[in-house]
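Student: I would like to learn how to read ligand shells and a helix. Can you take me through an example?

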Amino acid sequence: MKFALVCGAGGFIGGHLVKRLKQDGFWVRGVDLKFHEYSETHADDFVVGDLRDQGFCRAIVDRRFDEVYQLAADMGGAGYIFTGEHDADVMHNSATINLNVLDACHKRGVKKIFYSSSACIYPAYNQEDPHNPKCSEDSAYPAAPDSEYGWEKLFSERLYMAYRRNYGMQTHIARYHNIFGPEGTWTGGREKAPAAVCRKVAMASSGEEIEVWGDGQQTRSFLYIDECIEGTVRLLRSNFVGPVNIGSEEMVTINQLVDQVADIAGKRIGKKHVPGPQGVRGRNSDNRFISEKLGWRPSRSLRAGLEPTYQWIAAQAASITIATRRVA
Ligand code: NAD
Ligand code: GDD
């Protein structure tokens, strides 16, 4: 029997990862501040607690886990990380979690640990042209992330690399590019563009407009959750440590994202462009490095991922609407 620890198991990616690790035959401990909001955990043991607490971290890393995945973070989409209102919390909370989890693993003799960094570490100056952003792994320095969230991720990448150099730990680092899918945050202020757009389209009638932040010409690529999980476990089980992009290379404008979702919903949807937090003007994954090192790269189309995501979010939105009507 192999043992895995998933920090952030009550979150979107962590919840899916636990399912995958169970399929792979692991005994899994999940840890989070909260239970998963949208599904029962598949973990053998789920501990609710605060990874900012060093004593708690040492207690949950009570064995030499074969695989540790560190996904816990104070995070969200543009509406959460680009307003500036949460900068202190984001930096303090996520850095403290990373310091504690990594050191607890080191003290217990854990060797293999995965760290979820972000495309937000890439310099803003390479992402000003929406048609030609540069996000190759070797372009991270000179560093100039566009958010404090990105700076914390860069600091923590360096922390994981330092433990590798000084203590011989096998720390594997991925830079995720905007991951989406069912059972992700879709409302409340932390949701990212794919979930926000699915929610807005689901709640609109055909012929209505939905609000889009900015002119909608900003570009992104979005990776479906199953491929994120596949890339994550492949990276940790390889001899390649990264940092490496795990993302899609199918870059679209936010306006195109809206059009695809409207098409899936079978609705005619107009766009009302409004001011809002926007982040970089363009971003796309560069998958040459992962392809070279792992012999694998994501291949699922955006459309194929948006279909199940839209259906799941539309069902969530409908159940809330029905519940609200019953209360009224
Ligand atoms: P998420 O918010 O759904 O999951 C993160 C989980 O961490 C949450 O369940 C949260 O409760 C937990 N957490 C936060 N503070 C904690 C604490 N003090 N103690 C214990 N648990 C705590 O986010 P996600 O989308 O699943 O992202 C997972 C990781 O991947 C994060 O580190 C995130 O920064 C990174 N990432 C995600 C994306 C993306 O598009 N989803 C992109 C780049 C990087
Ligand atoms: N969230 C959201 N909601 N974004 C919108 C909306 C909306 O209603 N309308 C337009 N957008 C635009 C944003 O202004 C932004 O320019 C773009 O859609 C993408 O926004 P997000 O998906 O929220 O975030 P991001 O791509 O800038 O950053 C995300 O991805 C990173 C990794 O690539 C975040 O989730 C980061 O935390 C993550 O690390």
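This is a predicted model: local features need pLDDT of at least 70, side-chain atom pairs count only at pLDDT 80 or more; totals for chains, interfaces and linings use all residues.

Student: How many residues surround ligand 1, and which are the closest?

Tutor: Begin with the count and the closest contacts. Here 26 residues surround ligand 1, the closest being Gly-11, Ile-13, Ala-73, Ser-116 and Tyr-176. Then ask which elements contribute. α1 (12–23), α4 (87–108) and β5 (112–118) each give two or more residues to this shell. α1 gives the most, with 3 residues.

Student: What is the make-up of the shell around ligand 1 by class?

Tutor: It has 11 nonpolar, 9 polar and 6 charged residues.

Student: Which residues are closest to ligand 2?

Tutor: Gly-77, Ser-118, Lys-192, Ala-193 and Ala-196 are the closest of the 26 residues around ligand 2. Elements that supply two or more are α3 (78–81), α6 (193–203) and β8 (209–213). α3 gives the most, with 3 residues. By class, this shell divides into 13 nonpolar, 10 polar and 3 charged residues.

Student: Which domains does the shell around ligand 2 draw on?

Tutor: Check each domain's share. Domain 1 (3–180 + 224–246) and domain 2 (193–220 + 250–284 + 301–322) each provide at least three residues to the shell around ligand 2.

Student: Which α8 residues are buried, and what comes just after the helix?

Tutor: Ile-254, Leu-257, Val-258, Gln-260, Val-261 and Ala-262 are buried. Just after α8, Gly-266 adopts a positive phi of about 70°.

Definitions and conventions: Residues are numbered from 1 along each chain as its sequence is written. Chains are lettered from A and ligands numbered from 1 in the order in which they are written. A residue is near a molecule or strand if its C-beta atom, placed from the backbone, lies within 6 Å of it. Helices (H or I, at least four residues) and strands (E, at least two) are DSSP runs, numbered from the N terminus. Ala, Val, Leu, Ile, Met, Phe, Trp, Tyr, Cys and Pro count as nonpolar, Asp, Glu, Lys and Arg as charged, and the others, Gly among them, as polar. Domain bounds come from an automatic or database domain assignment. A residue is buried if 20 or more other C-beta atoms lie within 10 Å of its own, exposed if 12 or fewer, and partly exposed in between; C-beta atoms are placed from the backbone.
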